Amino acid sequence: DRIQMEQNSVEALNALSGELKGTYYPLTGMSKETQDQLTKDHFLFNDSDRFLKAAGGYNDWPNGRGIFFNENKTFLVWVNEEDHLRLISMQKGGDVGAIYKRLVTAIKALEEKLTFARDDRLGYLTFCPSNLGTTLRASVHIKIPHLSARKDFKSVCEKLKLQARGIHGEHTASEGGVYDISNKRRLGLTEIEAVKEMVAGVQEIIRLEKESSTTKTRSCHVL
């Protein structure tokens, strides 16, 4: 059950050392002010997704759930949110290599105490079928007000094998033209291929944003 899963996870998380060493904060007993601040900072999950609610993802809320993060808040773990564990490595800037390396280091350390469910054909098993395979979603928050205003924005992302979401996650809206852009494919490729696919796609998104910005500026000038 969730309580036992939480206990096993916390034991493994508390054994992490070095850069990954951190503290676990259970949702049970957490003040609303702390929850709201962590959610605003994009660190904590909540129970507002109607699709997860319909699928039973919020049963027994908030029991058995919590968040772990290191001192620098560059490594986070959501316990019993949508999946049993969601590992998050993040930092500001464009050093994707450092972010990926931190994630791999954490996974290897946790695998010494935990076993992740995996199928030979489907890959790692998750709550949502769209995450089957590598389960890896590599993303960036990027401001693209001009490109996102284009009618073909969604099809552009599709062609680049990318997914555009609001900065607060799936089924949320963009704020100020800022989007969460990530690799769309999880299945049929390796983890490093998924990361490279995201990087290449975002580089093209940046180029198209600059192009769209220049086009709009020129149009306004002509008018």
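Me: How many residues does helix α1 have, and how far does α1 reach from its first C-alpha to its last?
Reply: Helix α1 (residues 2-13) has 12 residues and reaches 16 Å, close to the 16 Å expected at 1.5 Å a residue. The expected span is 1.5 Å times one less than the number of residues. Helices here are DSSP runs of H or I, at least four residues, and strands are runs of E, at least two, numbered from the N terminus.

Me: What kind of model is this?
Reply: This is a predicted model, in which local features need pLDDT of at least 70, side-chain atom pairs count only at pLDDT 80 or more, and totals for chains, interfaces and linings use all residues. Residues are numbered from 1 along each chain as its sequence is written, and side-chain values use heavy atoms, without hydrogens and water.

Me: Which residues of α1 are buried?
Reply: Met-5, Glu-6, Ser-9, Val-10, Ala-12 and Leu-13. Buried means under 20% relative accessible area, exposed over 50%, partly exposed in between (1.4 Å probe, protein chains only).

Me: Where is Arg-102 found, and is Arg-102 buried or exposed?
Reply: Arg-102 is in helix α4 and is buried, with a relative accessible area of 7%.

Me: Which residues does Arg-102 contact?
Reply: Leaving aside neighbours within four places in sequence, Arg-102 is in contact with residues including Glu-19, Thr-74 and Ser-89. Contact means heavy atoms within 4.5 Å.

Me: Where is confidence lowest?
Reply: In helix α7 (residues 191-222), at a mean pLDDT of 81; pLDDT is the predictor's confidence in each residue, from 0 to 100. Over residues 217-223 the pLDDT is below 50.
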